[in-house]
Amino acid sequence: MADTAAHLSTRNRVTLPSLAYTSACRRSHVNHRYRKAFVANSLQHLQQEVMSAASTDFTTSKVEPQLVFVFCGNGVTLKEFSEALLSSEPVFRDKCKEIEALFQKHAPISLLPARGRSSKELLNPELSQPMLFALQVALASLLKYWGIKPVAAVGHSVGEIAAAHFAGYLSLADAVKVIYHRSRLQAKTARGGMLVVGNIPVQEIAEHLHRYSGRVCIAAFNSPVSCTLSGNPDDVDLVQKDLAEAFSHRNIFLHVLNVPAAYHSPSMDVILGELEQSIEPLEKQKGDVEVISTLTGAAASANDFTRGKFWAQHTREPVAFTQAIETAARDRENPLRYSLPPTQFMLQAKLERCLRLLWKKAPSPSKRSITDARQ
């Protein structure tokens with residue numbers, strides 16, 4: 001980095017594109033094993049950032065980083081992210097086309113580009129979930145093409161289908177079939193509401209929900225101090241007001257999700273039987289990447305992903321994201337996580353909270369690896 005800073009100060013003909021290309025494509029991974037990324041809007045800005053980084057002492061990790069991919073669930077902003085990759089990356093574009101062709105065997109659907117889609121269209125699970133699946137699988141394929149491969153994968157809610165395919169446990173055709181029938185049937189369920197609650201221990205929120213039993217439930221355990229609630233829209237509104245008043249002195253975080261259904265709630269019960277029957281049979285595949293399931297919070301087996309009942313339960317039961325992240329970090333030195341796609345702020349926040357609390361509970365020898373994961 002010091003050489004780059006000096007190079008920037010002495011060469012007038014250097015441009016940001018040429019420097020970026022040389023750094024990315026003309027450096028040996030053998031001789032330059034560790035890399036650092038910078039966000040800059042000019043050469044002068046970049047020089048300042050590089051000089052600042054060069055003056056910082058770094059400690060070389062004694063253990064190879066262990067990468068964990070986290071495939072996110074509903075609620076991602078798709079437009080800008082997919083547009084850029086579709087226009088610039090052939091591997092990403094070709095995979096999207098392959099996925100779209102498989103979906104078209106089930107229904108006449110056009111997935112990408114997302115440009116021109118209305119907000120209402122992008123809320124429809126029959127479109128949003130296939131688009132999210134295509135985006136995640138294509139991005140993971142591009143990363144794999146670049147030589148980036150994780151040791152494990154976690155899928156938040158519907159993201160687990162993409163994770164199971166990427167890890168090798170579901171063929172692409174079978175994964176598309178699961179997504180198609182899941183999204184098709186969820187679009188038929190009653191209108192619902194969902195609310196993210198943060199900064200309060202989940203156990204306290206669960207106790208507070210007793211009076212709403214049967215109407216509002218915990219749909220996702222995001223971290224020890226964050227969960228997502230799901231239920232009838234009117235009841236969710238009542239819960240939001242109730243929690244805001246009850247925990248006003250404790251900096252409670254409340255965020256209403258812009259979703260059309262009450263996912264992972266009793267509203268899903270009416271579709272489970274048909275979902276289980278529609279997606280079978282699924283061919284068993286031998287995976288090569290461990291998947292930590294957010295149905296159980298533990299490592300899944302190849303048999304799990306071939307059972308219609310598993311995917312029906314996965315649609316109905318709460319998302320055990322906290323437990324899955326704890327499992328992914330446990331017994332791994334220097335774990336790093338990457339969210340697919342990387343633009344979903346809410347998922348990044350959930351990961352940050354989980355890992356921060358893991359760091360507090362971890363014995364001293366483990367704290368460095370968990371801190372690395374947060375970074």
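Trainee: Is Ser157 buried or exposed, and what is its relative accessible area?
Mentor: This is a predicted model, in which local features need pLDDT of at least 70, side-chain atom pairs count only at pLDDT 80 or more, and totals for chains, interfaces and linings use all residues. Residues are numbered from 1 along each chain as its sequence is written, and side-chain values use heavy atoms, with hydrogens and water left out. Buried means under 20% relative accessible area, exposed over 50% and partly exposed in between, with a 1.4 Å probe and protein chains only. By that scale Ser157 is buried, with a relative accessible area of 6%.

Trainee: Where does Ser157 lie, and what is its phi?
Mentor: Helices (H or I, at least four residues) and strands (E, at least two) are DSSP runs, numbered from the N terminus. Ser157 sits in the loop between strand S2 (152–155) and helix H8 (159–166). Although Ser157 is a residue other than glycine, its phi is positive, near 60 degrees.

Trainee: Which loop holds His264, and how much relative accessibility does His264 have?
Mentor: His264, which is not a glycine, has a positive phi of about 55 degrees. The loop that holds His264 runs between strand S6 (253–257) and H12. His264 counts as buried, its relative accessibility being 4%.

Trainee: Which peptide bond is cis?
Mentor: Pro281 is found in the loop between helix H12 (272–279) and strand S7 (290–292). With omega near 0 degrees, the cis peptide bond is the one from Glu280 to Pro281.
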